[in-house]
Each structure stands twice: as C-alpha cells, then as structure tokens.
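Visitor: Could you walk me through the charged pairs here, please?
Guide: Gladly; let us look at the model together.

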Amino acid sequence: MSLPLRTPQTSSSAEPPPWMLLGEGRVNNMTVKMPNQCFINGKFEDAENGKVYETINPTDGSVICKVSYASVGDVDRAVAAAKDAYYSGPWGRMNPRDRGSLLYKLADLMEEHQEELATIESIDSGAVYTLALKTHVGMSIQTFRYFAGWCDKIHGKTIPINQARPNRNLTFTRREPLGVCAIIIPWNYPLMMLAWKSAACLAAGNTLVLKPAQVTPLTALKFAELSVKAGIPKGVINILPGSGGMVGQRLSDHPDIRKLGFTGSTPIGKQIMKSNLKKVSLELGGKSPLIIFGDCDMDKAVRMGMSSVYFNKGENCIAAGRLFVEESVHDEFISRVVEELKKMKIGDPLDRSTDHGPQNHKAHLDKLLEYCEVGLKEGATLVYGGKQVERPGFFMEPTVFTNVEDHMFIAKEESFGPIMVVDVDGVLQRANDTEYGLASGVFTRDINKAMYVSERLDAGTVFVNTYNKTDVASPFGGFKQSGFGKDLGE
C-alpha cells in the first residue's frame, strides 16, 4: 500500500508583505535580509526564463517571498561556472591552509549572523527558533569549522616498492579533489544538510552546485551571500532554487558533474542510481527501531523516547519510526508519554516558549493525516493526537499509536512526522525486519544487554540510553535501503 505523492505548495491566497518582495524587513525583533534569486558565478540573478515561485510560511500559510525558479539553462551555466572555478580559478590552485582559512571565516560569518539565519530557518521550515539556533544553525557552524581544520591534513602516502635498486625507486599517492560536485538537499534541516554536504566538499578542494529543497530555499541563499563576504572565489559555490524534477534531474544527468550527494527519499535515490555512472552518496529513508527494556531508567526513556519521535516535529531522518517496549513497562511508558504530550505547547516557532512548531508544508501535513487514517483502518490503536490542530498553518498534534502489528503500513513505512508507533515485547528479528537501516536505539541499565543488542541491530548508528546525538566528528550514514556513503567525520 502506498500514499499518493503530492507536489509542494507554490502558491497562496495571502500576498507577501511589500518589504519581503525587497528581501529585507523586521522579523523576530531583528532586521532580516533574504536573497531570493539564483546564485551563479558569485552573483545573484534572476532565473534565465524569469520564472518565480512563492515560498510559504508554514506557521500561517502566508507567502514569505517570491523566489527564482531555476531552469535547465541555469543549471548548465552554474555547472560551467563551477568547472571554470575549479580548473582555471584560484580555488583549484590555492594552498589548502589558505582554503581552510576562508572556510573558518565563513563559519565566523555564519556565527555572526546566527540569529538571522535561525529566524529565516524558522519562518521558511517551521523549525522552533530555539532549536533552529542550537541545531539547524549551531551544528552548521560546527561542521564548517571541523572541516576547515581538515583542509591541510588531506594527503597521500609514500610507498616503498620491490626492485628498487639501483635507482632507489619509490611510489607516492595523492588525494585529489574530484572537480564539480552536485548537492541536492531535503527540507527538514535546510541549512544543516547544506553544511553536512558542502563543507567536506569544499574542504577537499571541490566546487559545487547545490539545489535546496523547493519549499525551503532561503537559508541556502543567505549562505551564498555570506560566502561572498567570506571571500570564497566566484563560481566555487552556486545555489539553484527550483524543482527536483528539473534542476535535480539535470544535475544528476550532467556530464561535467563528478560526484552527486543526495539526501531524500529511497525511490528518488533509486532513480538517481539508474541514470548515473558518476560517484554518488545517498542518505535515504529510515524506519529506525528503538527498543526499551523493562530495566531501563524510565525517566530517561520517556524523555529521550519522546525526543526520538518528536524532535524537529518528527521531520528527522533518524526519528524512531517504531518503538518496541517490554510488556512489563509498556503501560507506564505510554501513560507517561501522553501526560507529557498534554503539557507540550504547540504554536508559533518564533515564540521562545513553543515546544512544537508547524509541519514543513501543507502537502506533508496532508500525507501525515492520511498516514494516521491508514493506521486506524488497519486496526492500530490511536492513543493520542492524530489530527490537525485547529488554528491557521500546518500544525499536527503529536500522535501515539499502540497495538501496531508487523504487517501494518505504519509499522513498515516512514511517517517523517510526529507519530509514535509503539509495539510490545520487541525482539531483534522484528526490529531488523525493515528495508531501512539508518539508525536505531536501545534503553537498558544492563551493559551486556546493550552491547549484545547494539551489535546485532542493522543500522549505521545505534544510540544507547540516548537519541539524536550526532556530532561533526562522527561518521553518519545508513545500511540497506537507507543508502550508502558517509557524511561527517574523517
């Protein structure tokens, strides 16, 4: 069974405020400047065909501003600029330590503008401002600083060889950049996904063309503006807002792209693989299991179990898609989760007291509501939530399902939303019975049990007595249909 695909919302009855059309104004008690054009070869410019689309504020459904809608011709110009910057510009000839200095400067500028970036992220993606500041923006800054430090530490080896006499021959290897890289990022962490993909790419000496998600382009374009201030040479970074079907497909097919990095759905990842011989890194879907044993620290299990599902409104690639709770503590766990959910404040993400903001866009909210309808029809028990919040915008109640059986749609498919799916007495075979293998978790006070289970969970990351703890120095990536290749780390 599958849910219908829907296109992102690109129009609204509400008109953007006049200042937004100019890209500058007061939001969140600060002045916000938002570029809204394509960024090609070091400057902002309209799309070649003059087309624009509206990016929507999920808090109230209003238009934020109109953004250039890149064409295939824009892709070709951006790739040509990136290729020229790599082969003929200063970037390819730059001393790695100098390249690192520029990336450090870029990170400093991101930190200087962190409140503005977090505000833009909140109004464009619905992320709660406090989370946007700490995670969406904060980890992006950390990522650029981490990889800036790697610039002058990328080197090969000297290798002695047989038959070296009388000339004492030897061989040496070099690690070289690939050239022009294409990066296609999702809408759940717009700036952080940009940082995870592009910082390593730039540190290695590559140039890039990046397509942000159509529904969340604004922090990527602000990042482009900061890259100019940092002194990144023209053509090294190019940003193209627009559709995946047009911009993403052309980037995937383009003969001058040497590597493509993609984070998104498994079906699109398969489509990319079919049309490519170039190097590809894919971070795809997830249905991460979380096993909670009866001997766990219940306070921590409730707190972190809720975070594993509801963090960033559930729009989180490693969100726990299915919880297996030992029968002896199942009822207590559910009752305590529901008690905490009733205290959760749903509202404007710019309000510092808000716990839970709107879903990213209307089509995604509609998909989540259908997901809950399917769960009910198949016989799962809806304990809490499952409905749209009665207020303007794209808000969904945090949701809890129990009595979920293995054959059910909600047991197998990723929701990518604030929906907790709970089963009783989970075992390893059932936890691994999914086509995905991005992340997983286990809660227990027994270290032997924790090690035994974590070694046998088929996932790229296993959290023990915690969840959502990623770090820039630790590699991140999945097994099975969750893709291949790693972000972050050496």
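**Salt bridges in the model**

Visitor: Is aspartate 295 buried or exposed, or partly exposed?
Guide: This is a predicted model, in which local features need pLDDT of at least 70, side-chain atom pairs count only at pLDDT 80 or more, and totals for chains, interfaces and linings use all residues. Residues are numbered from 1 along each chain as its sequence is written, and side-chain values use heavy atoms, leaving out hydrogens and water. Buried means under 20% relative accessible area and exposed over 50%, with partly exposed in between (1.4 Å probe, protein chains only). At 25% relative accessibility, aspartate 295 is therefore partly exposed.

Visitor: Which side chain meets aspartate 295 in a salt bridge?
Guide: A salt bridge needs a side-chain nitrogen of Lys or Arg within 4 Å of a carboxyl oxygen of Asp or Glu. Here the N to O distance is 3.3 Å, and the partner of aspartate 295 is lysine 449.

Visitor: How many residues apart in sequence are the parts tied together by lysine 449 and aspartate 295?
Guide: Helices (H or I, at least four residues) and strands (E, at least two) are DSSP runs, numbered from the N terminus. Lysine 449 lies in helix H16 and aspartate 295 in the loop between strand S14 and helix H11, so the parts they tie together are 154 residues apart.

Visitor: Which helix holds arginine 336, the salt-bridge partner of aspartate 299?
Guide: Their side chains meet at 2.3 Å, N to O. Aspartate 299 lies in helix H11, while arginine 336 lies in helix H12.
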